[in-house]
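Please examine the sequence together with the structure shown below.

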Amino acid sequence: MSDAWKNYPNAPASGTDICNFSDVENQNTLTIDLDGFPLLIVRKNERLHVFVNACPHQYLPLDYKGDKLLSSDGTMLRCTNHSASFDIETGEGVEGLGVGCNLDIVPVRVINNRIVIEE
């Protein structure tokens with residue numbers, strides 16, 4: 001896994017508390033501004049996938065023009081500005097302007113129902 005997320009301004013330290021696991025609805029997304037660091041959390045059943053909320057095409061938030069980010073089948077995230085699509089598990093660009101790009105993964109773990117950034 002790449003540490004590219006650490007190169008963003010205001011990247012949080014390992015151990016930073018994000019939110020409750022239950023704050024992220026199943027089969028849905030949650031965007032959070034963590035002291036100036038944009039996070040995008042995707043929950044699919046009991047699994048979480050967390051990315052820097054920045055489309056690699058122009059670094060606008062994926063939810064720049066709306067909050068419907070998941071594809072109808074729940075397998076892709078779509079940038080609301082460019083319609084670039086990314087795999088929800090890997091962040092790999094799979095359609096449109098996303099092809100050849102990747103979202104930056106932020107490693108997390110759940111401790112006592114809290115989502116926490118890990119090293």
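Ile41 touches Ile18, Cys19, Val24, Asn28, Thr29, Leu30, Ile32, Leu48, His49, Val50 and Ile115, leaving aside residues up to four places away in sequence; contact means heavy atoms within 4.5 Å. The model is predicted: local features need pLDDT of at least 70 and side-chain atom pairs pLDDT 80 or more, whereas totals for chains, interfaces and linings use all residues. Residues are numbered from 1 along each chain as its sequence is written, and side-chain values use heavy atoms, without hydrogens or water.

Ile41 is also among the members of the largest nonpolar core, of 19 residues, that touch the most other members, together with Ile18, Phe37, Leu39, Val106 and Ile115. Such a core is a set of buried Ala, Val, Leu, Ile, Met, Phe, Trp, Tyr and Cys residues joined through side-chain atoms within 4.5 Å. Buried means under 20% relative accessible area, exposed over 50%, and partly exposed in between (1.4 Å probe, protein chains only). A second, separate core of 13 residues includes Leu40 and Leu69.

Six of the eight residues of E3 are buried, so E3 is largely enclosed by the rest of the structure. Strands pair if DSSP finds at least two bridges between them. E3 runs antiparallel to E2, with seven bridges, and antiparallel to E4, with six. Leu39 stands opposite Val52 in E4, and Ile32 stands opposite Leu39 in E3.

Conventions: Helices (H or I, at least four residues) and strands (E, at least two) are DSSP runs, numbered from the N terminus.
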